[in-house]
Amino acid sequence: MKLLILNGPNLNLLGLREPAIYGTQDYAALVRFVEDVCRQENIECEIYQSNHEGALVDKIQSAYGVFDGIVINPAAYTHTSVAILDALKAVALPAVEVHLSDVSQREAFRQISYAGMACVKTYMGLGFEGYRQAVQYLKHLLQK
């Protein structure tokens, strides 16, 4: 089983960016956490982060026929990107949306998730743990 783990804009600034919301651990710690989770679950993964919408769309499109599922934290593109939604729908791989913070308790403009419309499940407000739950959920879903 092989999963693509996608992270959107500003996640590369974890630890610096609003630590009261996103925590004090940096992006390298998130990558290590996800790699450890995947290793424990016997899952191959590729982790990719970009601040550019088109790069994320390209990565989603290239996942077709290569990956079994996608874990995506679209970050700010969650609330703006129909292009990411369309790419997820086009490849039709099971995808799980993850957010470090609980976006449902944040600003009004964060209440719409375009990417989430193409996802089978969403985890939010769990910090890094949301990635573990997303990986485990996809593993169980794909083994059915």
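This is a predicted model: local features need pLDDT of at least 70, side-chain atom pairs count only at pLDDT 80 or more; totals for chains, interfaces and linings use all residues.
I started with contacts (heavy atoms within 4.5 Å): among those in the protein between residues at least 6 apart in sequence, 75% join residues at least 24 apart.

I number residues from 1 along each chain as its sequence is written, and side-chain values use heavy atoms, with hydrogens and water left out.

Next I looked up the fold. I found five helices and five strands (DSSP runs numbered from the N terminus: H or I of at least four residues for helices, E of at least two for strands). From the N terminus the order is β-α-α-β-α-β-α-β-β-α.

Then I checked burial. Buried residues make up 46% of the 144 (buried is under 20% relative accessible area, exposed over 50%, partly exposed in between, with a 1.4 Å probe and protein chains only).

Last came the salt bridges (a side-chain nitrogen of Lys or Arg within 4 Å of a carboxyl oxygen of Asp or Glu). The structure holds six, and I looked at these:

- D36 pairs with R39, with the closest N and O atoms 2.4 Å apart. Both sit in helix α2 (residues 27–40), three residues apart, about one turn. I noted R39 as exposed because its relative accessible area is 56%, while D36, at 36%, is partly exposed.
- R132 meets E129 at 3.0 Å, N to O. Both lie in helix α5 (residues 129–143), again three residues apart, about one turn.
- E18 and R17 meet at 3.8 Å, N to O.
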